[in-house]
Amino acid sequence: MELFDLPLIWAFIIGFGIIMYVLMDGFDLGVGILFPFAPNEEARDTMMNSVAPVWDGNETWLVLGGAGLLAAFPMVYSIFLPALYIGVFLLLAGLIFRGVAFEFRFKARTSRYLWNWAFAGGSTVASFAQGAVVGAYIQGFETANGVYVGGALDWLTPFTVLTGLGMLAGYSLLGSTWLIMKTEGYLQQWAYKITLPLLLAVLVVFGIIGVWTPFVDELVRERWFSNLSIIWVLPVLTLLCAIQIYRSVRDRKDGMPFVATMGLFITTYLGLVVSRWPYVVPPEYTLWDAASAYESQLFLLLGLLFVIPIVLVYTAWTYWVFRGKVRAGEGYH
Amino acid sequence: MELDPLILSRIQFAFVVSFHAIFPVFTIGLASYIAVLEGLAFKTENPLWVKLSAFWTKVFAVVFGMGVVSGIVMSFQFGTNWSNFAQASANFLGPILSYEVVTAFFLEAAFLGVLLFGRDKVPAGVHLFAAIMVALGTFISSFWILSANSWMQTPAGTELRDGVFYVTSWSEAIFNPSFPYRFAHMALASFLTGGFVVAGVSAWYLLLGREVEANKKALSMCLWLLLFIAPAQAVLGDFHGLNTLEHQPTKVAAMEGNWETSPNVPLLLFAIPDQENQRNVYEIGIPSLASFILTHEWDGEVPGVSAVPVEEQPPVAIVFWSFRVMVGIGLLMIAFAVTGLVLRAGGRYWRTSWFLQGMRFMSITPFFAVLTGWFVTEVGRAPWLVYGQMTQAQALTPSLTGGMALFTLIGYIVVYALVFSAGVYYLMRVLYVGLEDQDEDEHEAERPKRPFSAAHVPFEIDEDEHHGKPASQGGH
């Protein structure tokens, strides 16, 4: 009676939503992380202008992901959120502060420095929390009968701190290459200057995580060191992307560093997915265990098939409208 | 002292949801008002309508922005603090809440930008269409949310198997027994909120003698609206109460402060409910009136709280007093709406100082009415989360400790205090600057579409802006 493998379709939809979110909110969070280090206040104006038209559209993917997870994989939702309780709070608080800073910084004059800190602090905390979530997912969760039974801070381990730092470095790289693409003059030069050290930091941290991950879990080790050698193409691609970032920055290319950084993120993400596939709540539950009822998945799928293309078209249109370089003193006030 | 995660989670949810609720309840009503103004502007080409619409659209933008920010927290509360409930009800609530999110995005994606920034860039008809779609979108959003809430009050169309709800009929679950009443009650509450806020702000401007023609029109419109919907809300509230009597008799008993099931129950005006001894310490009431209102017979039987075991009773005092505050405000609203009609004779409604002062005060009352109304229906459902099927204690996240819940409760209070005091402060600035001098600056085409950027008001007070003199716009 079940015509399609709906949990599989939903896994692709949620997986697509996650990478869309990481790539799109990643660069604007990265701009926030880099904010305090910018050359001057005018540069900060331009940096914020470069992401202001698109950031909230980017965050819609997070909310859609949260609601979609509840609808399609309630077990993931009801295990991850309790397990990451404190982290989720930090993530939300960070996102709220930076969101409000977007609204008020342009209206403020004497209190502007406060909103600068809200923007930078919120972005940094939210990014770190997201990285820690990824680490916690790789680590797995202590469950019994489909319910989380671990402690409040189980998610906070040396490994998750490292993945948190990795996310900070990665988002900063997305942010700096975004600025290379969207700005010019001394701000762009600054972005070129910081990109290579950031790339180095990303490679070091991602490298340690890559080596560490197989030792965190038996299944991950088997996956990578058994006969499924085709997946080794992913880390190779990641390295090629890194080389491409290096070369394009060296040659002072505009768009390529950002594109290559997205490539680096996508290949790393796929590497993570194959490490744990098909477990969505490691170490125990697969995506089929975690799925909601067939009729519930179907009911929402029908609506989403209609809406997702519209959201995608609208997103593309927004980026098209705000294409090209952002100049100092222009645009958003 | 042992910290109880259940009570802390309930306080936390009450706090974040109450804070969130005040924004949409206003924007839903205001969106419809803006659509009406746009319609009038389109039809008559009177510049006053455009002026009013442009101003209230700014206010809408700021409040909508705050609602979006506070709404993000809501979508994670179910998982963090009520994970057993999330897991059990996801088959129904997951798709319903997702549809709400999808509606909100679709609305924001397609029409909000046109409404906020498109006045001079798209044809007038398209702008009007966008305004109508935004208003419609806010209703569709509340449709899903209220359907979800009503299902928790009067569950239908689902069956509980092995601790998980499965949908047996989507239409029965979505249009569950209390949904039509709750949706209509809430829709009118939104209109009342929008109406009283617009009327109150207009009254304030009239007192200051600012933009008299436009604000007179706005006040007049609102008073006509309120004259019909304030009494209509009372009637509708009565129907809603009868529906509750049928499905959740204990809640009605708590609202009435009635402990023993009996005939000739008085309508209590004042009482101090004493839950421990299952009686009221002190009460003043009108004989048999509660029986008459609820059963339409003077000697009709009204259910009592004590009919169910103590552990299945809601906290009566909260429900009882919240209900009285809500009804009291409702009666005050009717009184002001009728007074407005009386003062129309000789065109006094916009010149009578005490009336304008009163309307100014009334602009904050709908928020209290809405919140106390929600306290009645939510606290009155206790100890059930899904009425008769799942208690709040069963719904709680098993791994949650009191310390964790306290940490985030304090955290949310601090975050909200900082963020929303800035938001409300800014909203006051927008109101202070007012309708005058709404020149758009010429960078409009370059302007990213952020809700707040629809309001061109600086965050700080200008030097030349003290003592009632409105500021010049911009400050770039």
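# Briefing: two chains and how they meet

B:Phe270 stands opposite B:Ile284, a residue of strand 4 of chain B. That pairing comes from a predicted model, so keep in mind that local features need pLDDT of at least 70 here.

**The hairpin in chain B**

- Strand 3 (residues 267–274) and strand 4 (residues 279–286) of chain B run antiparallel, and six bridges join them.
- Besides the pair B:Phe270 and B:Ile284, there is B:Leu267, whose bridge partner in strand 4 of chain B is B:Ile286.
- Four residues sit between the two strands of this hairpin, and B:Gln278 has a positive phi near 55° there.

**Where chain B meets chain A**

- Chain B puts 67 residues into the contact, and chain A puts in 57 residues.
- What about charge pairing across the contact? The count of salt bridges between chain B and chain A is zero.
- Polar contacts do turn up across the interface: the rule finds 10 residue pairs, both partners at pLDDT 80 or more.
- On the chain B side, the elements that each supply at least two residues are helix 2 (47–81), helix 3 (83–117), strand 2 (164–167), helix 5 (170–174) and helix 14 (402–433).
- Helix 3 of chain B gives the largest share of that side, with 18 residues.
- Sorted by residue type, the side of chain B that touches chain A has 39 nonpolar, 21 polar and seven charged residues.

**Salt bridges within chain A**

- A:Arg327 and A:Glu184 meet through their side chains in a salt bridge, at 3.2 Å from N to O.
- A:Arg327 is in the segment after helix 13 (294–321) of chain A, while A:Glu184 is in the loop between helix 7 (158–182) and helix 8 (185–216), so this pair ties together parts that are 143 residues apart in sequence.
- Both ends count as partly exposed: A:Arg327 has 40% relative accessibility, and A:Glu184 has a relative accessible area of 36%.

**Salt bridges within chain B**

- B:Glu38 and B:Arg119 form a salt bridge between their side chains, at 3.0 Å from N to O.
- This pair links distant parts of the chain, 81 residues apart: B:Glu38 belongs to helix 1 (residues 5–44) of chain B, and B:Arg119 to the loop between helix 3 and helix 4 (124–153).
- B:Glu38 is buried, at a relative accessible area of 5%, whereas B:Arg119 is partly exposed, at 25%.
- In another salt bridge, the closest N and O atoms of B:Glu378 and B:Arg381 are 3.1 Å apart.
- Buried or partly exposed, which is B:Arg381? B:Arg381 is buried because its relative accessible area is 2%, under the 20% cut-off.

**A salt-bridge network in chain A**

- Shared partners join A:Glu41, A:Arg44, A:Asp45, A:Arg105 and A:Arg112 into one network of salt bridges.

- B:Ser150 is part of helix 4 of chain B, and its relative accessibility of 0% makes it buried.
- Which side chain does the side chain of B:Ser150 reach in a polar contact? The partner is the side chain of B:Arg182, at 2.9 Å.
- Leaving out residues up to four places away in sequence, B:Ser150 touches B:Pro155, B:Asn176, B:Ser178, B:Phe179 and B:Arg182.
- B:Ala335 lies in helix 10 (residues 316–342) of chain B and is partly exposed, with a relative accessible area of 40%.
- The C-alpha atoms of B:Ala335 and B:Pro231 are separated by 9.6 Å, though the two residues are 104 residues apart along the chain.

Definitions and conventions
Residues are numbered from 1 along each chain as its sequence is written. Chains are lettered from A and ligands numbered from 1 in the order in which they are written. Side-chain values use heavy atoms; hydrogens and water are left out. Contact means heavy atoms within 4.5 Å. A salt bridge is a side-chain nitrogen of Lys or Arg within 4 Å of a carboxyl oxygen of Asp or Glu. A polar contact is a pair of N or O atoms within 3.5 Å; within protein, one must be able to donate a hydrogen and the other to accept it, and residues adjacent in sequence count only if both atoms are side-chain atoms. Ala, Val, Leu, Ile, Met, Phe, Trp, Tyr, Cys and Pro count as nonpolar, Asp, Glu, Lys and Arg as charged, and the others, Gly among them, as polar. Buried means under 20% relative accessible area, exposed over 50%, partly exposed in between (1.4 Å probe, protein chains only). Two strands pair if DSSP finds at least two bridges between them.
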